[in-house]
Amino acid sequence: DTLNQTQNNEIDLGVQKDYEDGQIKLKVFYSKLKDYMYFNSLATVANTDNFENIDSTIYGAELNADYYVNDQIIFEMAIAYKKGKKDTLPTSNTDRNLADITPLQTTLGLIYDHDDYTNASIELVSSADWNDYDSDNGEQSIDGYNIVNLKGETNLNDQTTLIVGIDNLFDKTYAVSNTYKDLTLLDGGSEVMLMNEPGRYIYANLKYSF
């Protein structure tokens, strides 16, 4: 079958408030998707790669804030929330949750900016449990996570910068994407594997500018 092009009607609203020692930004959105091209693993009729047109709704909000503790220390916060629903159900579907809609995520960061040559940061990334998922198309419940990242940067001279860091400091096991069957990760099988992110990762980079 021939699929129709998706039409997106979206409303975005944003506000920003600046303070002497920081700022806050808030954005909300509401999107109505007509003829959204959606993968349906339960389809029993021949169509284009198991995709169907459905109507759906996605809405959410993002909050960002910066606070300057002093001339050298900055606190950053980011919160993102999104929700997705099928307004019309694909063939043989009963679950109205849209696939690939990540749960509530929060990032907290503390930055130490010593001078023009040296800075360091610590970051906490948190995700709520993934409880709203499309079970009809292979998704599953996934536990939330909390990971810590460290990064340091120093200019060795006017042209050379050393960057070192550790991602996932406490070597947590976590996943940022679900097992939606539209994700083709491995050939030769119908099941989609849950792919965890790397464990503790230590890196060092030397950057030279000329």
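**Exercise 1. Tyrosines and ring pairs**

Is Y36 buried, partly exposed or exposed? Then decide how Y36 and Y38 pair, and describe the pair of Y30 and Y59.

*Solution.* The model is predicted.

Step 1. The relative accessibility of Y36 is 26%. Buried means under 20% and exposed means over 50%, so Y36 counts as partly exposed.

Step 2. Y38 has a relative accessibility of 1%. That value is under the 20% limit, so Y38 counts as buried.

Step 3. The ring centres of Y36 and Y38 are 5.9 Å apart, and the planes stand at 55°. Rings pair if their centres lie within 6.5 Å; planes under 30 degrees apart are stacked, and those over 60 are edge-to-face. The pair of Y36 and Y38 is therefore tilted.

Step 4. Ring pairs join Y36 and Y38 with F39, F51 and Y180 in a cluster.

Step 5. The count of aromatic pairs comes to 8. One of them is formed by Y30 and Y59, with 6.3 Å from centre to centre and 25° between the planes, and this pair is stacked. Y30 belongs to strand 2 (residues 22–39) and Y59 to strand 3 (residues 51–68), so the pair ties together parts that are 29 residues apart in sequence.

Step 6. Y30, at 40% relative accessibility, counts as partly exposed. Y59, at 32%, also counts as partly exposed.

**Exercise 2. The surroundings of T161**

Describe where T161 lies, and find which side chain makes a polar contact with the side chain of T161.

*Solution.* Step 1. T161 is part of strand 8, which covers residues 160–167.

Step 1. T161 counts as buried because its relative accessibility is 9%.

Step 2. The partner in the polar contact is the side chain of N155, at 2.8 Å.

Step 3. Neighbours within four places in sequence are now set aside. The residues in contact with T161 are then E153, T154, N155, L156, N205, L206 and K207.

**Exercise 3. Loop residues**

Locate N70, S92 and D100, and state what can be said of each.

*Solution.* Step 1. N70 sits in the loop between strand 3 and strand 4. With a relative accessible area of 37%, N70 is partly exposed.

Step 1. The side chain of N70 reaches two backbone nitrogens: that of Q72 at 2.8 Å, and that of I73, which lies 2.9 Å from a polar atom of the N70 side chain.

Step 2. Between N70 and T107 there are 37 residues of separation in sequence and 21 Å in space, taken from C-alpha to C-alpha.

Step 3. S92 is in the loop between strand 4 (73–86) and strand 5 (105–113). D100 is also in the loop between strand 4 and strand 5.

Step 4. Neither S92 nor D100 is a glycine. Even so, S92 has a positive phi of about 70°, and D100 has a positive phi of about 65°. D100 is partly exposed, with a relative accessible area of 43%.

Conventions:
Residues numbered from 1 in each chain as written. Predicted model: local features only at pLDDT ≥ 70, side-chain atom pairs only at ≥ 80, totals over all residues. Heavy atoms only, no water. Helix = DSSP H or I, 4+ residues; strand = E, 2+ residues; numbered from the N terminus. Buried < 20%, exposed > 50% of the residue type's maximum accessible area, 1.4 Å probe, protein only. Polar contact = N/O pair within 3.5 Å; in protein donor to acceptor, adjacent residues only side chain to side chain. Contact = heavy atoms within 4.5 Å. Phe/Tyr/Trp six-rings, centres within 6.5 Å; stacked < 30°, edge-to-face > 60°.
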